[in-house]
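Here is a short briefing to read alongside the coordinates. Please have your viewer open as you go through it.

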Amino acid sequence: SRHPDARVWSVMPAHSSVWTRASAHAVAFAHSRARTSVSRRGMLPDTRRSRRGWDNCDYDCGAHAHSRRVHARCGRDVRARGGARDASIGSVHVDAHRVRDGGRGRDLSEELNEKVERAAAEARAATNAVDEFLLNEELAERKIACAIEEENYKVAKSIKEERARKERELSPSAALAAALARRLREPNGEETVVICEDVVQLGDRRVVPSLLRALCTVDDANEDAAKAIEQALWSLWQRSGDTAVDNRLNEGINAMGVVPDGLPVARDIFTEIIIAKPEFAEAHNKRATANYLMQLYNESIKDCVNTLKLNPFHFGAHSGKGLCHLALHQYEDALRCFEDALRVNPRMEHVQRYRSSLTAMLERQGQSNAE
């Protein structure tokens, strides 16, 4: 049986979000196990469903028949190599619960965490030449407007010349990315969908900050533009810069479409990618999905934490982390995660509903405790 909120996942591009349509079924089954009195009193959405609702969920990951073929091939690969990774990405052994190096039996979780920390620190220290230029350009435009208002034309001319000089210093690729990002300042225009398509085709992740700003400023009525912006974000987030890794990620996504046997295979594939490329946030995010759907909520939370270290604006990881806390009945933590998600992407209707329900429930609990 389909969860009544399943339709809200359609706002995300197919197979892209941490919390795809399947997540509605996963949270339904998780809550069916808990069957808390809070839910029965109507203080939270009643998400109780049967086991069948878990087994027969639609992952929206492409054609089901194709997913079965992918899973069969992935399963043969894993069995043939005894769990070893594809040679195109590296040679390590994958265990369902522990990650070990090639034969020495050493637990690599600490090493991976250290690599994630280093990658996150490097990402914070890195300079985004495109976004820096755009922000300085906006500041220069305001200074020019003030100078003209004060009739100080000499200063206005000087600022314009300096702005033009900085634009000439941009590399060709940065100049092209800046030209597209500049057009996203007004996301409610008729060309926003086309602009987002061009951004996806260009594939330059330096445009992500402009997309995030556009996502927060686009009008609610402009649904097509908002969806295009979200889809562009997901498309850029799923690119690692390595074609072999990207192809492997897609195999894992397709494997998740086979219920329930594809989930362990998908999780192993995402683990392989994490070992080979620990700085790739979306690999952590996708493994969080697999762990969540397998009801390994604490493991999923750990993957969400790593995702957010590498990509603090990943609203999918914020909301998914909230769903894990919700399944564990950690309601205050869940509420904080949902609020973090909405600060980045205020358009997620399902997260808005969870936040409203949790807020009302916690207020009632506070009043009851006070009495």
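This is a predicted model: local features need pLDDT of at least 70, side-chain atom pairs count only at pLDDT 80 or more; totals for chains, interfaces and linings use all residues.

Residues are numbered from 1 along each chain as its sequence is written, and side-chain values use heavy atoms, with hydrogens and water left out.

**Helix 6 and helix 7**
- The axes of helix 6 (residues 129-149) and helix 7 (residues 153-168) come within 8 Å and cross at roughly 165°; axes are lines fitted to C-alpha atoms, for helices over the stretch in contact, with angles from 0 to 180 degrees between N-to-C directions.
- Helices here are DSSP runs (H or I, at least four residues), numbered from the N terminus.
- Helix 6 and helix 7 are therefore roughly antiparallel to each other, a label for angles over 145 degrees.
- Contacts (heavy atoms within 4.5 Å) involve residues including Phe 133, Ala 140 and Ile 144 of helix 6 and Tyr 153, Ala 156 and Ile 159 of helix 7.
- The residues of this contact of helix 6 with helix 7 comprise nine nonpolar, no polar and seven charged; Ala, Val, Leu, Ile, Met, Phe, Trp, Tyr, Cys and Pro count as nonpolar, Asp, Glu, Lys and Arg as charged, and the others, Gly among them, as polar.

**Helix 13 and its two partners**
- Helix 12 (residues 243-255) and helix 13 (residues 262-276) have axes that come within 8 Å and cross at roughly 160°, so the two helices are roughly antiparallel.
- Among the residues making that contact are Leu 249 and Ile 253 of helix 12, and Ala 266 and Phe 270 of helix 13.
- Helix 13 also packs with helix 14 (residues 281-293), at an angle of about 155° and with the axes 9 Å apart; this pair is therefore roughly antiparallel.
- Phe 270 of helix 13 and Ala 290 of helix 14 are among the residues in contact here, and the contact of helix 13 with helix 14 has seven nonpolar, three polar and three charged residues.

**The largest pocket**
- About 930 Å³ of space lies in the largest pocket.
- A pocket is an open set of points on a 1 Å grid over the protein atoms alone where a 1.4 Å probe fits, with protein on both sides within 12 Å along at least five of seven lines; lining residues have an atom within 4 Å of a point.
- The volume is the space filled by probe spheres set on the points, which are joined across faces, edges and corners.
- Of its 27 lining residues, Ala 123, Asn 128, Arg 205, Leu 310 and Asn 311 lie nearest the centre.
- Helix 5 gives the most to this lining, with five residues.
- By class, the lining has 13 nonpolar, five polar and nine charged residues.

Definitions and conventions
Angles under 35 degrees count as roughly parallel, over 145 as roughly antiparallel, 65 to 115 as roughly perpendicular and the rest as oblique.
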